[in-house]
Amino acid sequence: MNRIPAILLLASFAFTAFAKDKRPNILFIYTDDHSHRTVSCYPEAYPWVKTPNIDALAREGILYRNVYSNAPVCAPSRFCLLTGIHPETAGPAHHMRAEASLPEFIGTYPEYLRRAGYYCTNNEKTDYNCKIEPDAIWNASSEDAHYRNRPQGAPFMAVFNSMITHESRLFGPTEGSVKPEDIDLPAF
């Protein structure tokens with residue numbers, strides 16, 4: 001089976017929808033460094049995990065059931081999400097704290113969506129592991145960036161990044177909420 005990069009599918013979807021003038025709004029909530037076991041809309045989640053707002057979004061939107069990480073750490077993964085290519089193919093993007101240079105023929109999904117008439121916002125995080133200026137690809141990219149600032153009637157694609165689960169933050173259980181015996185650790 002041929003595998004088409006997700007970025008191409010997203011761009012294709014946007015252009016197809018644009019042709020029919022039924023462009024959906026896209027809300028992209030991005031979190032780092034955790035698994036499906038820490039989001040309660042997945043049946044495999046720990047029983048003590050409660051994420052009611054994400055669960056509601058999953059019920060009303062799309063819940064992806066077969067999702068795989070393209071890199072073992074956050075910044076190379078964001079590179080892949082932004083460009084649709086594996087970070088190993090654009091070295092040194094596969095290394096943490098790299099600044100890969102992209103050839104001109106590699107675009108980013110916000111660029112494709114903007115060409116399709118979308119208002120694209122990124123609420124703040126821009127650690128893409130490559131030399132890309134956020135102002136060049138987003139309509140707005142800052143802690144104040146929001147889809148509500150779009151021109152009236154324009155469809156939006158809005159990214160909201162949460163730092164709660166990022167490896168640089170402490171996101172372990174608070175005292176009394178989860179006991180070590182409540183957690184199933186993988187065998188390896």
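A residue is called buried when its relative accessible area is under 20%, exposed when it is over 50%, and partly exposed in between, with a 1.4 Å probe and protein chains only. By that rule nine of the 10 residues of helix 3 are buried, so helix 3 is largely enclosed by the rest of the structure. The model is a predicted one, in which local features need pLDDT of at least 70 and side-chain atom pairs count only at pLDDT 80 or more, while totals for chains, interfaces and linings use all residues. Residues are numbered from 1 along each chain as its sequence is written, and side-chain values use heavy atoms, with hydrogens and water left out.

**Confidence in the model**

- The mean pLDDT of the protein, where pLDDT is the predictor's confidence in each residue on a scale from 0 to 100, is 81, and 84% of the residues reach 70 or more.
- Over residues 1-12 the pLDDT stays under 50, and for this stretch the model has 13 contacts beyond four places in sequence, a contact meaning heavy atoms within 4.5 Å.

**Overall build**

- The protein contains five helices and four strands, which are DSSP runs numbered from the N terminus, with helices being H or I runs of at least four residues and strands being E runs of at least two.
- Read from the N terminus on, these elements follow the order α-β-α-α-α-β-α-β-β.
- When contacts between residues at least 6 apart in sequence are considered, 57% of them join residues at least 24 apart.

- The buried residues of helix 3 are Cys-74, Ala-75, Pro-76, Ser-77, Arg-78, Phe-79, Cys-80, Leu-82 and Thr-83, and Cys-74 counts as buried because its relative accessibility is 2%.
- Helix 3 is followed by Gly-84, whose phi is positive, near 80°.
- Pro-92 lies in the loop between helix 3 (74-83) and helix 4, and a cis peptide bond, with omega about 10°, joins Gly-91 to Pro-92.
- Cys-130 also counts as buried, at 9% relative accessibility, yet a search of the whole structure finds zero disulfides, a disulfide being a pair of cysteine sulfur atoms within 2.5 Å.

**The loop between strand 2 and helix 5**

- Asn-129 is found in the loop between strand 2 (119-123) and helix 5 (134-137), and Asn-129 counts as buried because its relative accessibility is 2%.
- Not counting residues up to four places away in sequence, Asn-129 touches several residues, among them Ala-75, Pro-76 and Phe-79, and also Met-96 and Arg-97.
- The side chain of Asn-129 reaches the backbone nitrogen of Arg-97 at 3.5 Å.
- The phi of Asn-129 is near 65°, a positive value in a residue other than glycine.
- Glu-124 is placed in the loop between strand 2 and helix 5, where its phi is near 95°, again a positive value in a residue other than glycine, and with a relative accessible area of 44% Glu-124 is partly exposed.

**Aromatic rings**

- The structure holds six aromatic pairs, where rings of Phe, Tyr and Trp (its six-membered ring) pair if their centres lie within 6.5 Å, and planes under 30 degrees apart count as stacked, over 60 as edge-to-face and the rest as tilted.
- Phe-28 is partly exposed, with a relative accessible area of 24%, whereas Tyr-109 counts as buried at 7% relative accessibility.
- In another pair, the rings of Tyr-147 and Phe-156 have centres 4.1 Å apart and planes at 15°, so this pair is stacked.
- Tyr-147 is partly exposed, with a relative accessible area of 22%, whereas Phe-156 is buried, with a relative accessible area of 9%.
- One aromatic cluster is formed by Phe-28, Tyr-30, Tyr-109 and Trp-138.

How values were computed: Polar contact = N/O pair within 3.5 Å; in protein donor to acceptor, adjacent residues only side chain to side chain.
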